[in-house]
Structure formats: structure tokens, C-alpha cells
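Here's a quick briefing to read with the model open in your viewer. It goes through the sheets, the helices and the aromatic contacts in turn.

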Amino acid sequence: MIRARSAVAIIALSATLAACSSGRPRGPSTAVINRVLATAPGAAQPSTIVAVEVAYARDASARGQFVAGADFAAPGALIHGSDGPVVFATIASALQASDISSEWEPRAVVMSCDGALALSQGRFVDQDGKVGNYVTTWVRQSDNSYKWTYDVAGLDDPQPPPRAPIEDGDIVVTSIDSIEGLVATCPRAGESIPAPPAIPIGEDGAADAQLSRDGTLRWRWEHRADGVKYVTADYYYQGGWVTAIEESLASPPEG
């Protein structure tokens with residue numbers, strides 16, 4: 001948790017979270033959103049989560065990352081920083097005063113069969129040009145909107161080498177936006193879902209796990225002794241449990 005010993009942890013936390021609750025002015029185009037599993041069954045539509053992320057990014061770009069983050073956050077939403085998860089509302093004012101900006105886009109979305117729980121995973125670049133990964137948990141609200149309940153991010157370590165400068169005459173081929181959508185299998189009438197594989201929960205508040213209400217998606221966070229922020233998500237698919245997301249994210253130095 002963030003301690004009162006200094007404001008450094010606040011700044012480190014805001015830098016760590018630049019991926020997940022920041023002004024990400026760029027994201028997938030509307031055409032890309034419409035392509036993402038438009039035919040997904042039932043209420044579980046990964047494209048809905050992508051659309052929410054894009055709306056969040058645009059609002060963050062216009063009003064500031066943590067101002068927008070408050071509007072898109074569910075009550076009790078957690079931010080996983082360098083000292084562990086903290087309740088966003090308790091530090092929102094301090095974070096809103098920081099000058100952090102970054103750009104991001106989701107690369108994968110995994111959803112429970114009923115669509116009530118989802119996790120997005122993607123890449124970001126911060127204001128200094130450094131890149132990393134993020135994971136965000138989304139929960140459907142009573143009005144059918146989605147709010148984030150958990151955010152975590154970390155920079156690549158080591159950072160990839162800088163791109164070579166483009167010279168006259170070079171042929172530049174841009175990458176094609178691709179977002180992977182994963183939806184848990186809905187059990188048939190009378191079918192029982194086997195319990196997900198057992199996992200250690202940890203002690204002293206260093207880890208927690210949550211299972212979707214329909215029993216088809218389980219995710220877990222852990223704050224390890226070395227400061228690594230570990231997140232994993234497993235979903236029920238065609239009779240078995242499959243790992244969809246697994247990230248070990250480094251905390252930034254506080255010095």
C-alpha cells in the first residue's frame with residue numbers, strides 16, 4: 001500500500017498506472033471495434049469492452065487521465081501500484097494533480113459467459129516513450145455499463161531498442177490492428193462447471209482471487225515480495241480451464 005513516508009510512492013504509482021487510467025488519445029478505430037467478435041454469443045461481447053476503453057481514452061485525453069478514471073471507476077476500484085493495490089478513491093485527488101500522460105490500446109479481452117466480468121490486456125507507451133503492458137478488470141453495472149474495478153501496469157524491463165529512423169526511400173508497412181476476443185463457454189442446461197484449478201491465495205493481503213458469478217472466469221492478483229505485480233485470468237472453454245492472461249509486471253524505481 002502507499003505509505004505516508006513520502007510523495008514518491010504516489011508519483012511512482014501514477015507512472016505505473018499510466019497505461020490503465022491515462023490519457024490514451026489513440027486506440028482502435030471504429031472499424032476495428034466492429035470487427036472484434038461481432039458475432040460473440042449472448043451478452044458476452046468483447047467488442048463492448050474495446051468500445052468502453054476507447055471512450056475512456058478519449059475522455060482521458062480531453063479532461064485528464066485520473067479525472068476520467070474516476071468517472072469510469074466502480075466503487076472500491078483498486079489501483080495496483082508499487083506498494084500493492086490501493087483504493088483509487090483514496091488517492092484520486094493526489095493522482096489528478098500529477099502530470100502523467102500515455103497512449104494505449106487493448107490487445108486482448110476475455111469475458112465470462114454471461115458477460116458480467118471481463119479483463120482487458122494491452123500495450124502502452126508513456127510520455128517518455130517507454131513501453132509496457134497493462135491489465136484492467138471490468139464489471140457490468142446494473143445499468144449495463146461497464147466500470148473498471150482493478151488496474152495494473154508495468155514497463156518492459158529491459159525496454160526494447162529504439163526504432164531505426166526512417167530514411168528517404170524506405171518503404172514503411174504499418175501493422176494491422178488486431179484484438180483477440182475470448183469468451184467463456186456457456187454450460188448447457190443441467191451441465192455443471194468444474195471448479196477451476198486450485199491456486200494459492202497468499203497471506204497478509206498480498207493476493208486475492210475472484211470468480212465470476214456464473215463460474216466461468218477466474219482472475220487473481222498477487223503482489224510479490226520483490227515488488228512484481230502478478231495477474232492471471234483463467235476461463236472455462238469447451239469443457240476445461242484455459243489460461244487467457246498471465247502477466248508479471250515490474251514496479252518502477254522510487255528513487
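Does Tyr-235 count as buried or exposed? Tyr-235 counts as buried, because its relative accessibility is 6%, under the 20% cut-off. Keep in mind that this is a predicted model. The protein chain has 5 helices and 11 strands, and 47% of its 255 residues count as buried. Of the contacts with a separation of 6 or more, 59% come from residues 24 or more positions apart.

- S8 and S9 are antiparallel partners over 5 bridges, and Asp-208 sits opposite Trp-221 in S9.
- The two also make a hairpin with 5 residues between them, and Gly-215 in that turn has a positive phi of about 75 degrees.
- S9 and S10 run antiparallel and are joined by 7 bridges, with Glu-222 facing Tyr-230 in S10.
- That pair of strands, S9 and S10, is a hairpin too, with 5 residues between them and a positive phi of about 90 degrees at Gly-227 in the turn.
- Strand S10 (residues 229-237) is tied to S11 by 9 bridges, again antiparallel, and Tyr-235 has Val-242 as its bridge partner in S11.
- Strand S9 (residues 217-223) is largely enclosed by the rest of the structure, because 7 of its 7 residues are buried.
- Both faces of S9 are covered: one side has Leu-217, Trp-219, Trp-221 and His-223, the other has Arg-218, Arg-220 and Glu-222, and all are buried.

**The 7-strand sheet**

- The other open sheet mixes its pairing and runs S2-S1-S6-S5-S4-S3-S7.
- Strand S2 (84-87) and strand S7 (180-183) are its edges, each pairing on one side only.
- Neighbouring strands here are turned by 25 degrees against each other on average, if you ignore direction.
- Strand S3 (residues 102-111) and strand S4 (residues 117-126) pair antiparallel over 9 bridges, and Met-111 is opposite Ala-118 in S4.

**Helices**

- H3 lies across S3, S4, S5, strand S6 (146-155) and S7, and it runs at about 160 degrees to S3.
- Helix H4 (residues 65-72) lies across strand S1 (73-81), S3, S5 and S6, at about 130 degrees to S1.
- In H4, the buried residues are Gln-65, Phe-66, Ala-68, Gly-69 and Phe-72. They sit on the same side of H4, because they cover an arc of only 155 degrees around the axis.
- Helix H5 (residues 88-96) buries Phe-88, Ile-91, Ala-92 and Leu-95. Looking down the axis of H5, these buried residues fall within an arc of 145 degrees, so they line one face of the helix.
- Thr-90 and Ser-93, on the other side of H5, are exposed.
- A bit of background on such one-sided patterns: an α-helix has 3.6 residues a turn, so residues three or four places apart point the same way.

**Aromatic contacts**

- The structure has 7 aromatic pairs.
- One of these is Tyr-56 with Trp-138, an edge-to-face pair at 6.3 Å centre to centre with 85 degrees between the planes.
- That pair links distant parts of the chain: Tyr-56 belongs to helix H3 (residues 46-63) and Trp-138 to strand S5 (residues 131-140), 82 residues apart.
- Tyr-56 and Trp-138 are both buried.
- Tyr-235 and Tyr-237 make a tilted pair, 5.7 Å centre to centre and 40 degrees between the planes.
- Tyr-56, Phe-72, Trp-104 and Trp-138 form one aromatic cluster.
- There's also a charge over a ring: Arg-224 lies over the face of Tyr-230, at 4.2 Å from the ring centre.

Terms used
Residues numbered from 1 in each chain as written. Predicted model: local features only at pLDDT ≥ 70, side-chain atom pairs only at ≥ 80, totals over all residues. Heavy atoms only, no water. Phe/Tyr/Trp six-rings, centres within 6.5 Å; stacked < 30°, edge-to-face > 60°. Helix = DSSP H or I, 4+ residues; strand = E, 2+ residues; numbered from the N terminus. Buried < 20%, exposed > 50% of the residue type's maximum accessible area, 1.4 Å probe, protein only. Lys NZ or Arg CZ within 6 Å of the ring centre and 35° of its normal. Pairing = 2+ DSSP bridges. Axes fitted to C-alpha atoms, helices over the stretch in contact; angles between N-to-C directions. Contact = heavy atoms within 4.5 Å. Arc of directions from axis to C-beta.
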